[in-house]
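Please open the structure in your viewer and keep the selection panel at hand.

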Amino acid sequence: MDFQKELLAEYDREIAKTRKTLEALPEDADFNWNPHPKSMSLGKLAGHLTDMTGDWALHTLTLSKLEFPADHKWEQYIPESKAAVLEKFDKGLAGVRSALASLPPGKWDENWQFVFGGQAWIDDTKYRVFRDYVINHLVHHRAQLGVYLRLIGAKVPGAYGPSADEM
């Protein structure tokens, strides 16, 4: 089996499902809404999905280490509108897909690290990082967004078959 070909096909499928979920956001969605004080706001969650499928995925594929000093202040993307979320989501996909398709097979076994303040928070093979922190992480937060959609009264699209809203 050509696992890179399969990984690219899986990435394409999961991206399509994620876009479908982002498209389900109401036009008038309140991006400051959150279901619980310990939860991300709707805007942070939607922004997190765009960061994960864009810059984070690209850095995983094209770098061997992503490192920030302890005093680094990361500014999370929080969209202003559904249109802004979809635009940012779409913008990063071509570069990621190209990097994924062209990654030499031997690179998958190379080490990849995420270091913050001198501490390695992620330290694994490029393959495991892409699998766990891009694809699996994407699926996890897309499901979380589905719960948010349900809680705000929006229709939830199906991901692996029809949802209750599509039957």
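Predicted model: local features only at pLDDT ≥ 70, side-chain atom pairs only at ≥ 80, totals over all residues.

Residues are numbered from 1 along each chain as its sequence is written, and side-chain values use heavy atoms, with hydrogens and water left out.

Select residues 3-23, which form helix 1 (helices are DSSP runs of H or I, at least four residues, numbered from the N terminus). Helix 1 has 21 residues and spans 30 Å from first to last C-alpha, close to the expected 30 Å (1.5 Å times one less than the number of residues).

At the start of this helix, select Asp2 and Gln4: a side-chain oxygen of Asp2 lies within 3.2 Å of the backbone nitrogen of Gln4.

Next, colour the buried residues of helix 1, among them Leu7, Leu8, Tyr11, Ile15 and Leu22. Their cover includes helix 2 (42-62), helix 3 (82-102) and helix 4.

Now select Thr21. Is Thr21 buried or exposed? Thr21 is buried, because its relative accessibility is 7% (buried means under 20% relative accessible area, exposed over 50%, partly exposed in between; 1.4 Å probe, protein chains only). Beyond residues up to four places away in sequence, Thr21 touches Arg142, Leu145, Gly146, Leu149 and Pro157 (contact means heavy atoms within 4.5 Å).

Finally, move to Leu151 in helix 4 (residues 126-151). Leu151 is exposed, with a relative accessible area of 52%.

Definitions and conventions
Helix = DSSP H or I, 4+ residues; strand = E, 2+ residues; numbered from the N terminus. Polar contact = N/O pair within 3.5 Å; in protein donor to acceptor, adjacent residues only side chain to side chain.
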